[in-house]
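Dear colleague,

Please find below the structure that I am handing over to you, with its sequence. My findings follow after it.

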Amino acid sequence: MSLQFVMGNEAIGLAAIHAGVNVVAGYPGTPSTEILETIAKNNANRSIYVEWSINEKAAMEVAAGASYAGARTLVTMKQVGLNVASDPLMSLAYVGVKGGMVIVVADDPGPISSQTEQDTRHFAQFSKLPVFDPSSPEEAFQMMSDAFAVSEKYGTPVLFRPTTRVCHGCTSMEIPDTIPTHAVEGFVKDAKRWVIFPRASYLNHIKVETRNAGDLNDDFSRYPLNRIIGCGNKGIVTGGISYEYVMEACASFNPEADGDFVVPFNAKVFKVATPHPFPEKLALEFLRSVDEVIAVEELDPVLEDELIFLCGKYHLKVTVHGKHDGAVQTAGENTVESVKASVSTFLGIELDAAPVADKLPELPVRPPV
């Protein structure tokens, strides 16, 4: 093991290498670009095929072909790039894959360098594919191998959704020295599997729905990075970088408490690392233990809507707050300050007045370069 100071995107790229990735294809777009660059820079023996593709659709198809042959593949793009790649993505959801296939789609709340604030978790629901939502560079490194494992276990592409602050945040991490290899079996002709005739689409659709509601849902309910912290009759559901903000906010309410404990405020935190399929069994355990919940997330009310749906499905009398009622901002990035304001109001904690700072000159406008 060696201690390295890495950017989140570097952690993702190195994690793919240590997961035995064979083929990497992508199209550059902030905040995802450094992932493919990291793999290219750390590919000294040229054992991994790496390409900047002509566009995101071509990248998806290159990776799909390699995955059909049993190669572990990685595709990289930003959130608007998934629109370009959506045609092969939707078919891949039905056809499936043989080698693990992870599609990294970096979302850009803000937006800082994008045309839209599109939320890739909706694409996971739309395409019926599993999605991982890391909250830190360290978690992204761990999740990458988990994503490949899920992809191969269920023969499906897997979406991986870091956001800008995870992609571009930096941290010191222990990186393994040994890099495993993944043997590629080669393409085995099977018209019933790889040719997506209408009848096959219908049958595969049934399999996908059964998988998502059954074994995959159960796996995600047991997944260690989906967890419930604390105790009390008020709950906070969160995921991605917003989880870090929630924990920092809760720690600030009680500086003497461990950052993982929000017990003094009569609340518990439900961290969701896999927004789709939503970990229903774990979510029900959480909902049945609280009277009131606030969903803190970027960008759209995906977790909030899942909770509202479950409350209706199981006739639970739990009040759910979030973006729909204005308890959490509906656009832009969350910050520690915005999350602290939302959570303190929800928990009935009065914040100390901010100190009055000296008048500072206005900062120059710095558009993205």
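In what order do the six strands of the open sheet lie, and is their pairing parallel or antiparallel? In this predicted model, the order is S3-S2-S4-S5-S7-S6, and the strands pair in the parallel sense. Strand S3 (49-52) and strand S6 (131-132) form the edges, each pairing on one side only.

Phe132 is placed opposite Phe160 of S7. Helix H6 (residues 120-127) lies across S6 and S7 as well as strand S5 (101-106), and the angle between H6 and S7 is about 175°.

I turn next to a pair of helices. The axes of H5 and H10 are 8 Å apart, and the two helices pack at an angle of about 80°. Angles of 65 to 115 degrees count as roughly perpendicular, and H5 and H10 are therefore roughly perpendicular to each other. On the H5 side the contact involves Ala93, Tyr94 and Val95, which meet Ser201, Asn204, His205 and Val208 of H10. By class, the residues of this contact are four nonpolar and three polar, with no charged residue.

The largest pocket has a volume of about 410 Å³. It is lined by 15 residues, of which Asn217, His276, Phe278, Glu280 and Glu306 are the closest to its centre. Four helices each supply at least two residues of this lining: H10 (198-213), H11 (215-222), H13 (280-287) and H14 (302-313). The largest share, four residues, is that of H14.

Helix H5 (86-95), helix H9 (191-194) and H10 are the elements that give two or more residues to its lining. Here the lining consists of eight nonpolar, four polar and four charged residues.

Two of the topics above share residues.

With kind regards

Terms used:
Residues are numbered from 1 along each chain as its sequence is written. This is a predicted model: local features need pLDDT of at least 70, side-chain atom pairs count only at pLDDT 80 or more; totals for chains, interfaces and linings use all residues. Side-chain values use heavy atoms; hydrogens and water are left out. On a 1 Å grid over the protein atoms alone, a cavity is a set of points where a 1.4 Å probe fits but cannot get out, and a pocket is an open set with protein on both sides within 12 Å along at least five of seven lines; lining residues have an atom within 4 Å of a point. Grid points are joined across faces, edges and corners, and a volume is the space filled by probe spheres set on the points. Ala, Val, Leu, Ile, Met, Phe, Trp, Tyr, Cys and Pro count as nonpolar, Asp, Glu, Lys and Arg as charged, and the others, Gly among them, as polar. Two strands pair if DSSP finds at least two bridges between them. Contact means heavy atoms within 4.5 Å. Axes are lines fitted to C-alpha atoms, for helices over the stretch in contact, and angles run from 0 to 180 degrees between N-to-C directions. Angles under 35 degrees count as roughly parallel, over 145 as roughly antiparallel, 65 to 115 as roughly perpendicular and the rest as oblique.
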